[in-house]
Amino acid sequence: MQAAPVRAHAIPSVTTALRAVESLLLSSGQRTARRNAWTAVLEDRRRAKDRVEYPYALEAMSDHRS
């Protein structure tokens, strides 16, 4: 059985490809604004998840102390 050939360069990821297209289509300021907006969305999702999990954590701590 023969080993698969080794590539000399890595295949770019989807993220890398999208960023390349983005850099061609958008100006620098638009890219920064879009990334800042996406970062804000991710942070909002994290905070929403924390709000949902908080009551369960409090209940678990109170059960543990009893």
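Author: Buried means under 20% relative accessible area, exposed over 50%, and partly exposed in between, with a 1.4 Å probe and protein chains only. The model is predicted: local features need pLDDT of at least 70, side-chain atom pairs count only at pLDDT 80 or more, and totals for chains, interfaces and linings use all residues. Residues are numbered from 1 along each chain as its sequence is written, and side-chain values use heavy atoms, leaving out hydrogens and water.

Reader: Is Arg-31 buried or exposed?

Author: Arg-31 counts as buried because its relative accessibility is 19%. Of the 66 residues of the protein, 3% count as buried.

Reader: What is Arg-31 in contact with, leaving aside neighbours within four places in sequence?

Author: Contact means heavy atoms within 4.5 Å. Arg-31 is in contact with Glu-22, Ser-23 and Leu-26.

Reader: How many helices and strands does the protein have?

Author: Both are DSSP runs, numbered from the N terminus: helices are H or I with at least four residues, strands E with at least two. The protein has two helices and zero strands. Leu-24 is found in helix 1 (residues 14-25), and Arg-31 lies in helix 2 (residues 28-65). Leu-24 is exposed, at a relative accessible area of 73%.

Reader: Where does helix 2 have a kink?

Author: The bend at a residue is the angle between axes fitted to the seven residues ending there and the seven starting there. In helix 2 a kink of about 35° lies at Glu-53, shortly before the proline Pro-55.
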